[in-house]
Amino acid sequence: MTMIQLNLQQVHTRIAAACQAAGRDPDTVSLLSVSKTFGPEAVRSAWAAGQTAFGENYIQEAVQKITALRQPLDVARAPLQWHCIGPIQSNKTRLVAEHFDWVQTVDRLKIAERLSEQRPAGLAPLQVCIQVNIDGGPTKSGVLPQEALALALQVAALPRLRLRGLMSIPEPAPDFVAEKQVFMRVRALFDALNVSGLALDTLSMGMSADLEAAIHAGSTLVRVGSAIFGARAVPIDSLAGSSPSTLG
Ligand SMILES: *Cc1c(COP(=O)(O)O)cnc(C)c1O
């Protein structure tokens, strides 16, 4: 068993324990493994252990990886599913629409419209989440909570997109209680949108450091990178505030 496969087992154990503590069915929480900065061989290793959903932040890096792994690794097994979880510049929407299965970082109508127009006819609709800036974090993208419903209704009406839910990346909080409080605000917004007539089934929140609190708050999709693949060579946080051109 590889280190990645061992780490995956541990993450599954953490998810199961959090579900049990929160009184939730473990089948209601899926794992997105975030493979940014790691090569195709890391994806292959996770895939060999049954992991099929992968998250990527940097479009050009992702497209290379997706293309390299396009040959069915094993026809008997579920195909890879790729989620875009990084910021999207207008000039990258075509690449995203052509290569990804999901986009979790929609926070502007203009980007959503381009993704819908550019989604190839032969592919299933692009599954999307609206990214919410829940705590006003200065370097974070995302729509403000009070603007989420209006954007969600517009996105839900686009023909080649299928709106699935909300995604959020809160600022790191000092402890479990504080983490859960912030995640609960995303959860409350998610519930409010569903009361308003949307049928959302995906609440994407929680990462390596805070997946337990996110699961307690109702997350249905945790996005885990370093706990599976190890520390990244490039500290992603240092890129968050830099200019879009360096993000690829
Ligand atoms: C990098 C990244 C993750 C994974 O973060 P880890 O702390 O390594 O688990 C999750 N979500 C987003 C949006 C990311 O950019």
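Which residues have the most contacts inside the largest nonpolar core? The legends below refer to a predicted model, and the first one takes up this question.

**Figure 1. The largest nonpolar core and the surroundings of Val103**. The largest nonpolar core comprises 64 residues. Ile15, Val103, Leu115 and Val155 have the most contacts inside this core. When neighbours within four places in sequence are left aside, the residues in contact with Val103 are Cys84, Ile88, Val96, Leu115, Leu126, Gln127, Val128 and Cys129. Another core, of eight residues, lies apart from the largest one; Ala53, Ile85, Trp102 and Leu221 are among its members.

**Figure 2. The buried residues of helix H3**. Helix H3 spans residues 59-68. Its buried residues are Ile59, Ala62, Val63, Lys65 and Ile66. They cover an arc of only 165° around the axis, so they sit on the same side of H3. The elements that cover these buried residues include helix H2 (40-48) and helix H4 (93-99), together with strand S2 (53-56) and strand S3 (81-84).

**Figure 3. The aromatic pair of Phe54 and Trp82**. Two aromatic pairs are found in a search of the whole structure, and one of them is shown here. The rings of Phe54 and Trp82 are 5.7 Å apart, centre to centre, with 40° between their planes, and the pair is classed as tilted. Because Phe54 belongs to strand S2 and Trp82 to strand S3, the pair ties together parts that are 28 residues apart in sequence. Phe54 and Trp82 are both buried. Strands S2 and S3 are also among the elements that cover the buried residues of H3.

**Figure 4. Residues around the ligand**. The ligand is surrounded by 13 residues, of which Lys36, Asn57, Ser208, Ser226 and Arg232 are the closest. From an oxygen atom of the ligand, a polar side-chain atom of Lys36 is 2.7 Å away. Gly225 places a backbone N or O atom 2.8 Å from an oxygen atom of the ligand. In the side chain of Arg223, an N or O atom lies 2.9 Å from a nitrogen atom of the ligand.

**Figure 5. Ala148 in helix H6**. Helix H6 covers residues 145-156 and contains Ala148. Ala148 counts as buried because its relative accessibility is 0%. Apart from neighbours within four places in sequence, Ala148 is in contact with Val143 and Leu189. The C-alpha atom of Ala148 is separated by 9.1 Å from that of Leu166, a residue 18 residues apart along the chain.

Note on methods
Residues are numbered from 1 along each chain as its sequence is written. This is a predicted model: local features need pLDDT of at least 70, side-chain atom pairs count only at pLDDT 80 or more; totals for chains, interfaces and linings use all residues. Side-chain values use heavy atoms; hydrogens and water are left out. Buried means under 20% relative accessible area, exposed over 50%, partly exposed in between (1.4 Å probe, protein chains only). Helices (H or I, at least four residues) and strands (E, at least two) are DSSP runs, numbered from the N terminus. The arc is that of the directions from the helix axis to the C-beta atoms. Contact means heavy atoms within 4.5 Å. Rings of Phe, Tyr and Trp (its six-membered ring) pair if their centres lie within 6.5 Å; planes under 30 degrees apart count as stacked, over 60 as edge-to-face and the rest as tilted. A nonpolar core is a set of buried Ala, Val, Leu, Ile, Met, Phe, Trp, Tyr and Cys residues joined through side-chain atoms within 4.5 Å. A residue is near a molecule or strand if one of its heavy atoms lies within 4 Å of it. A polar contact is a pair of N or O atoms within 3.5 Å; within protein, one must be able to donate a hydrogen and the other to accept it, and residues adjacent in sequence count only if both atoms are side-chain atoms.
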